[in-house]
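Let's take a walk through this protein, starting from the inside. Have a look at the picture, then read on.

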Amino acid sequence: MAFDPNEPMKDRITDIGPPHYEQFFPPVIKENYGKWKYHEILEPGVLVHVSETGAEVYTVRVGGIRLMSVDLIRETCEIADKHCDGYLRFTTRNNIEFMVDDKAKLQPLIDDLKSRQFEAGSNKFPIGGTGAGITNIVHTQGWIHCHTPAIDASGIVKAVLDDLYDDFCGMRMPAQVRIALACCLNMCGAVHCSDIAILGVHRKPPFIEHERVSKVCEVPLAIAACPTAATEPAKVDDMKTVAVRNERCMFCGNCYT
């Protein structure tokens, strides 16, 4: 319907937020919400949660990736449809968890996941990331769609996890170890709350093309974006531009994004 200025909220369908998470629960989770007594790690990547009602949920955690192909997403959904009535969940560290409500369904799910490999022979769905082992690496976007990175993300994460693969699939550490990568000092990759941080750092202050600044930048916003007040207004040959006090610059890249 057309917008009615006298009733601005009538038939409004935008800005209503995401759907309530409860509608995405598997039935056994919804029925036992708030009633879970305990959980155990049966083996690396495999957990069981037990409810006070006696219900059990078996979870298999596999390492996912932040940037997934459509084919891999479809295959992930196919597994969920085949074994889990179409339900799955993503963790905050890019893991994928498949849940079944019957122990008899657990081993067929594990066997199916282990059987799926890429053409080169590596596992598509490595099982692990629980207990005293290496969790999946959470990371930033890198050069795919971010303006500020000093380094890329996906290639480094792949190389590191290739070396740590056995520790993702095992639990030989004294405690769980979380690794994160951020491509710049803005650290949207949660490196500040991980055990091991991989951080890309720009090492030079930004280069200013004065003849372009006023054409492509909102100068006040570029100045306000600086967390250390290193950027200030300036004029060069009657052009409105900015100047950077190099001694205060932390090389974050906020001023040019």
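In this predicted model, the largest nonpolar core has 19 residues, and those touching the most other members are Val 60, Val 62, Phe 98, Leu 109, Leu 113 and Ile 127. H3 supplies the largest share, with four residues.

Val 60 shows how these pieces meet. Setting aside neighbours within four places in sequence, Val 60 is in contact with Gly 45, Ile 96, Glu 97, Phe 98, Leu 106, Leu 109, Ile 110, Leu 113 and Ile 127. There's also a second, separate core of nine residues, including Ile 134, Ile 137, Ile 179 and Cys 183.

Now for helix H2, residues 70–83. Which residues of H2 are buried? They are Leu 72, Glu 75, Thr 76, Ile 79, Ala 80 and His 83. These cover an arc of only 140° around the axis, so they sit on the same side of H2. The general rule behind this is that an α-helix has 3.6 residues a turn, so residues three or four places apart point the same way. The buried residues of H2 pack against strand S5 (95–100) and helix H3 (106–115). On the face turned away from that buried side, you'll find the exposed Val 70, Asp 71, Arg 74, Asp 81 and Lys 82. Just after H2, Asp 85 takes a positive phi of about 55°.

Terms used:
Residues are numbered from 1 along each chain as its sequence is written. This is a predicted model: local features need pLDDT of at least 70, side-chain atom pairs count only at pLDDT 80 or more; totals for chains, interfaces and linings use all residues. Side-chain values use heavy atoms; hydrogens and water are left out. Buried means under 20% relative accessible area, exposed over 50%, partly exposed in between (1.4 Å probe, protein chains only). Helices (H or I, at least four residues) and strands (E, at least two) are DSSP runs, numbered from the N terminus. The arc is that of the directions from the helix axis to the C-beta atoms. Contact means heavy atoms within 4.5 Å. A nonpolar core is a set of buried Ala, Val, Leu, Ile, Met, Phe, Trp, Tyr and Cys residues joined through side-chain atoms within 4.5 Å.
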